Amino acid sequence: MNIIIHSTLKSLHKSQIILEHLSNSQFCDTSVPPYYSSIGTHIRHILDFYECIFNMNSNNRIDLTNRSRNKEVESDCGCAKDYLNAIVEKLKSATFSMNESVVVIDDLGLGKTEIAYTYGSLLAQANSHTIHHYAIINYIFDSLGVVIIDTEFGYNPTTPKKSELN
């Protein structure tokens, strides 16, 4: 299996662990400042990003701004598991080449723009994006008193470990 797909599946597996260990009320708790976002909104956002990759439009473009934003996914762990499983299956059965070029539409803050990518670079960005949202989820966990035993959760693989800093 391609290292990019394999890494992505490893990262997304952490979502499965979250979904198996949280209640729906924990999943959609929006009590944590300063953003008052829920774990569910972050998981839904992560999965929407991947779903966009598999929804090329009629102009052969991948539009990262055209997300489904399904409220049920962000409020129900079962629905989120189904969405996650669908994304995982699409990744496992993907037939595109990592070096294949694709045009991506995104909004970087000044309106929509088209950007040349390869599928590999887009999936690598999606994986980094996932880890970034896991870091935010980790802050929510801490505030809610939720403990997930995973010392790598929310850390980019290139982040120095505390022992490496001394």
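## Exercises on a predicted model

Ile137 is found in helix α5, and the structure examined here is a predicted model.

**Exercise 1.** Determine whether Ile137 is buried or exposed, and find which residues it is in contact with once its neighbours within four places in sequence are left aside.

*Solution.* Begin with the accessible area: Ile137 has a relative accessible area of 0%, and since buried means under 20%, Ile137 is buried. Next, leave aside the neighbours of Ile137 within four places in sequence, and the residues in contact with Ile137 are Ile18, Ile39, His42, Ile43 and Phe153. Finally, as an exercise in distance, take Thr158, which is 21 residues from Ile137 in sequence and lies 19 Å from Ile137 in space, C-alpha to C-alpha.

**Exercise 2.** Work out how many aromatic pairs the structure holds, given that ring centres must lie within 6.5 Å, and describe the geometry of each pair.

*Solution.* The count comes to two aromatic pairs. In one of them, Phe54 and Phe96 have ring centres 6.1 Å apart and planes at 40° to each other, which makes the pair tilted. This pair links distant parts of the chain, for Phe54 sits in the loop between α3 (39–53) and β1 (61–63), whereas Phe96 sits in the loop between α4 (77–92) and β2 (101–107), 42 residues apart. As for accessibility, Phe54 is partly exposed at 24%, while Phe96, at 18%, counts as buried.

Phe96 also pairs with Tyr119: here the centres are 4.0 Å apart and the planes stand at 15°, so the pair is stacked. Because Phe96 lies in the loop between α4 and β2 and Tyr119 lies in helix α5 (residues 119–144), this pair ties together parts that are 23 residues apart in sequence. Tyr119 has a relative accessibility of 7% and therefore counts as buried. Putting the steps together, Phe54, Phe96 and Tyr119 form one aromatic cluster.

Conventions: Residues numbered from 1 in each chain as written. Predicted model: local features only at pLDDT ≥ 70, side-chain atom pairs only at ≥ 80, totals over all residues. Heavy atoms only, no water. Phe/Tyr/Trp six-rings, centres within 6.5 Å; stacked < 30°, edge-to-face > 60°. Helix = DSSP H or I, 4+ residues; strand = E, 2+ residues; numbered from the N terminus. Buried < 20%, exposed > 50% of the residue type's maximum accessible area, 1.4 Å probe, protein only. Contact = heavy atoms within 4.5 Å.
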